[in-house]
Amino acid sequence: MDKILDIDNVDLKIISLLNKDAKTPYTEIAKKVFVSSGTVHVRMRKLEDLGVVKSATLNIDFSKLGYDISAFLGIYLEKSSLYDTVIEKLKDISEVINAYYTTGNYSIFAKIICKDTNHLREVLNKIQLVEGIDRTETLIVLEESINRPIHLVTDKK
């Protein structure tokens, strides 16, 4: 908890700007935050060391690369104690792009990306063969309506 106290309004503004566009040059961020680009660099290093910033990613339209099916997969485990083992196996399936340990009906909620329905069927078969998975429930995405970063409050008091 103490590490969170090391984050000030300047850090939050830097994070907020990079959250909108991770490719923004530090020099441009520095101008908007009214600090030097060296300060932005030092602040980013600090945020990475604290584990606040994990990585910079691209927002890719997978359909333009031939991946036309996005689906969410509710995974029921035979026993919750098998979670770590199952996750390690799911990491080997490249079409699984996100996985979450959840409360509620599913033990794991995952997002998968596939080229078409045949590819989806192959991936589902692969997933259902993972030892520890009891059964799955698939929800195919028809449209992604919202995909945005969280708005950070930058005026800490």
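The chain is divided into domain 1 (9–50) and domain 2 (62–141), with bounds from an automatic or database domain assignment. The centres of the two domains, taken over C-alpha atoms, lie 35 Å apart.

This is a predicted model: local features need pLDDT of at least 70, side-chain atom pairs count only at pLDDT 80 or more, and totals for chains, interfaces and linings use all residues. Residues are numbered from 1 along each chain as its sequence is written, and side-chain values use heavy atoms, without hydrogens and water.

Helices (H or I, at least four residues) and strands (E, at least two) are DSSP runs, numbered from the N terminus. Start with α2 (residues 9–20) and α3 (residues 26–33). Their axes are 10 Å apart, at an angle of about 130°. Axes are lines fitted to C-alpha atoms, for helices over the stretch in contact; angles run from 0 to 180 degrees between N-to-C directions. Contact means heavy atoms within 4.5 Å. On the α2 side, the contact residues include Leu-17 and Leu-18; on the α3 side, they include Tyr-26 and Ile-29.

Now the sheet. Four strands form an open, antiparallel sheet in the order β2-β3-β1-β4. Strands pair if DSSP finds at least two bridges between them. β2 (96–101) and β4 (133–140) each have a single partner strand, so one side of each lacks a neighbour in the sheet. β2 and β3 (residues 108–114) pair over five bridges. There, Asn-98 stands opposite Lys-111 in β3.

| Helix | Strands touched | Angle with β3 |
|---|---|---|
| α5 (residues 83–90) | β1, β2, β3 and β4 | about 10° |
| α6 (residues 117–128) | β1, β2, β3 and β4 | about 145° |
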